Amino acid sequence: MALSRGKEDDTSYISLCESIIYQQLAGKAAAAILLKFLKRYGKLKDESKAPLLDQENSGLDSGDFIFPSPELVATLDVAEMKAVGLGQRKAEYLKEVASKFNDGTLSDSMLASLPDEDVSKALVAIRGIGQWTADMFLMFHLKRANVLPTLDLAIRKAMCHHFGAKFGKNTPTHDEMVEMGRIWEPYRSVATWYMWQTMSTVTQEK
């Protein structure tokens, strides 16, 4: 599975929306759906490229578009959103995230000011965002240095291999991983990256 790492100028809203689109999909499939979504609801940064919109192999990618605003996405029809390849639930999740940013419940400044634990609490309260997505947001968008994604299967396997621990359906537990990872504090995000490399996890850089 590919990880959507976003772009340097992405807002928290865009980062979370793209994470939802990428959930449980291979990188190419997710990128294709994102591009269809942007073609339908976004705006081109360079209007001179408008003739390319109707071409199947246009060469356009997500970086050519301005992501649709929270105000717009919050009002979209789920049935229409499904036409670009989104499932029912993902469409609903995108609308919920958009609503939170549109009504001010969430904002870039608020999320940036919160400690890691409080960011996680704020995000997992939103339908469609679990702890894994919250951890990826903390690591890749907010660039937090001390995140250990204990729900990530590759990290679980890599830590067992690294520390000589038993890997199973229910092991290691969250608490066991936290204890093993204490040696990496306060840079668990860096250790996580190296653990991914040992498991050959692919990241999608857009």
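Leaving aside its neighbours within four places in sequence, which residues is valine 97 in contact with?

A: Apart from neighbours within four places in sequence, valine 97 is in contact with Tyr13, Leu16, Cys17, Ile20, Ile126 and Ile129. Contact here means heavy atoms within 4.5 Å.

Some ground rules come before the details. The model is predicted, and local features need pLDDT of at least 70, side-chain atom pairs count only at pLDDT 80 or more, and totals for chains, interfaces and linings use all residues. Residues are numbered from 1 along each chain as its sequence is written, and side-chain values use heavy atoms, leaving out hydrogens and water. The term pLDDT is the predictor's confidence in each residue, from 0 to 100. Its average over the protein is 91, and 92% of the residues score at least 70. Residues 201-206 stay under 50 in pLDDT. Where pLDDT is low, the predicted coordinates should not be read in detail.

Valine 97 is one of the buried residues of helix H5, along with Lys90, Ala91, Tyr93, Leu94, Lys95, Ala98 and Phe101. Buried means under 20% relative accessible area, exposed over 50%, and partly exposed in between, with a 1.4 Å probe and protein chains only. Helices are DSSP runs of H or I with at least four residues, and strands are runs of E with at least two, numbered from the N terminus. H5 covers residues 88-102, 15 residues in all, and spans 21 Å from its first C-alpha to its last, close to the 21 Å expected. That expected span is 1.5 Å times one less than the number of residues. Glycine 104 follows H5, with a positive phi near 90 degrees.

What does H5 pack against? Its buried residues pack against helix H1 (12-22), helix H2 (27-41), helix H3 (70-74), helix H4 (78-82) and helix H6 (108-113).

Valine 97 also has a place in the largest nonpolar core, a set of 56 residues in which Tyr13, Phe37, Leu94, Val97 and Leu123 touch the most other members. A nonpolar core is a set of buried Ala, Val, Leu, Ile, Met, Phe, Trp, Tyr and Cys residues joined through side-chain atoms within 4.5 Å.

One of the contacts of valine 97 is Cys17, which is buried at a relative accessible area of 1%. Cysteine 160 is buried as well, at 4% relative accessibility. With a disulfide taken as a pair of cysteine sulfur atoms within 2.5 Å, the count is 0. Glutamate 18 lies in H1 and, at 2% relative accessibility, is also buried.

H1 takes part in covering another helix. The cover over the buried residues of H8 includes H1, H6, helix H7 (116-124) and H11. H8 (residues 131-141) has 9 of its 11 residues buried, so the rest of the structure largely encloses this helix. Among the buried residues of H8 are Phe137, Leu138 and Met139. Just after H8, lysine 143 has a positive phi of about 60 degrees.

Serine 189 sits in H11 (residues 188-198) and is buried at 9% relative accessibility. Beyond four places in sequence, its contacts are Met139, Arg144, Ala145, Asn146 and Val147. A polar atom of the side chain of serine 189 lies 2.9 Å from the backbone nitrogen of valine 147.

Note on methods. Polar contact = N/O pair within 3.5 Å; in protein donor to acceptor, adjacent residues only side chain to side chain.
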